[in-house]
Amino acid sequence: MSTLKDGTSAEGGSRGGASQGDAPQEVTPSGSTLRERLSDGLYGAGWATVKKLPEPVAAGLGRRIADLTWKRRGKSVLRLESNLARVVPDATPERLAELSKAGMRSYMRYWMESFRLPTWSKERVEHGIDIKDVHHLQEGLAAGRGVVLALPHLANWDLAGVWVTRCLGVPFTTVAERLKPETLYDRFVAYRESLGMEVLPHTGGSAFGTLARRLRAGGLVCLVADRDLSASGTEVTFFGDTARMPAGPAILAQQTGALLLPVTLWYDDTPVMRGRIHAPIDVPQSGTRAEKTSVMTQALADAFATGIADHPEDWHMLQRLWLADLEERPEPGAAAGTAGTERGGERGE
């Protein structure tokens with residue numbers, strides 16, 4: 001699932017995509033860079049190989065990869081610690097290191113689970129997730145209003161999506177940002193469609209209209225919505241500083257009458273992922289559309305912050321988020337070093 005705008009992600013961003021300012025890449029005859037082709041190959045190998053491993057073996061492999069990545073102290077790990085320092089401002093350097101190590105393990109758990117999800121039975125999904133306050137979603141759908149579920153980059157939203165389609169029997173629509181190379185984007189779309197999701201491309205300008213039609217028909221839309229680097233994002237106060245989040249969820253709720261529900265997810269010490277569907281965010285009775293959007297997006301950010309503060313190690317934000325961080329001048333040589341990490345590390349929707 002991805003944000004509407006969706007200035008966040010290939011899952012949250014564009015996994016594997018090179019950002020502007022990256023070091024020049026050798027372009028192959030197909031038009032993709034060698035790095036992009038390597039990313040495509042690695043993801044393809046993950047889906048082909050990891051899903052065949054016994055579950056304990058896959059989980060152990062994920063932890064080993066996470067620990068090796070954490071020990072390298074690359075830019076993604078350092079950025080994760082920088083973000084966590086805002087979430088847990090009184091944390092010592094040792095505590096931040098512990099959180100970032102746990103965060104990388106959580107991140108790799110996401111990937112190991114996601115590679116294996118197509119092989120999970122309905123019973124396995126049911127046993128692997130526990131969501132509280134589902135009545136908010138069920139009541140909204142029963143009323144025929146349409147529902148927007150908005151999530152941050154917490155734990156495994158793909159698993160939550162499979163639970164919705166297979167266990168609740170509710171189809172939904174989401175948005176995917178186009179990735180490079182095109183074959184990698186096609187992999188993610190095919191993967192999510194195999195899990196029962198309708199996936200719309202972010203580019204082309206038609207996604208918003210299609211989402212609005214689905215909602216007016218009483219359907220469900222799911223969007224990852226805690227990061228937006230586009231000029232159209234709405235500024236919010238997030239852990240004491242200014243960040244930008246997508247306006248799409250709030251605007252869709254205003255224009256269609258759909259219910260807007262924040263969702264937070266987390267892992268604990270068991271194989272079960274936990275979650276909560278928060279109370280609806282109401283459309284303000286007065287104000288311009290921009291003012292209403294600002295109020296609703298701030299309420300969404302506040303709900304996200306509650307879940308992230310409770311489970312900071314499960315927030316997979318390996319990219320710059322706050323405006324103050326985005327304005328920082330890059331370190332010498334940062335362009336080459338961040339390609340495939342800050343953007344490539346984002347989870348692909």
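Is Thr234 buried or exposed? In this predicted model, where local features need pLDDT of at least 70, side-chain atom pairs count only at pLDDT 80 or more, and totals for chains, interfaces and linings use all residues, residues are numbered from 1 along each chain as its sequence is written. Side-chain values use heavy atoms, leaving out hydrogens and water.

Thr234 is buried, because its relative accessible area is 11%, and buried means under 20% (exposed is over 50%, partly exposed in between, with a 1.4 Å probe and protein chains only). Thr234 belongs to strand β6, residues 234–238; strands are DSSP runs of E with at least two residues, helices runs of H or I with at least four, numbered from the N terminus. Leaving aside residues up to four places away in sequence, Thr234 touches Ala243, Arg244, Met245, Ala247, Thr293, Ser294 and Thr297, contact being heavy atoms within 4.5 Å.

A helix pair comes next. Helix α9 (residues 207–216) packs with helix α10 (residues 248–256) at an angle of about 50 degrees, the axes lying 10 Å apart. Axes are lines fitted to C-alpha atoms, for helices over the stretch in contact, and angles run from 0 to 180 degrees between N-to-C directions. From α9, the contact draws on Phe208, Leu211, Ala212, Leu215 and Arg216, and from α10 on Gly248, Ile251, Leu252, Gln255 and Thr256.

Within α9, the buried residues are Ala207, Thr210, Leu211, Ala212 and Leu215. These buried residues pack against β2 (147–151), β3 (172–176), β4 (197–201), β5 (220–224) and α10. Just after α9, Gly218 adopts a positive phi of about 85 degrees.
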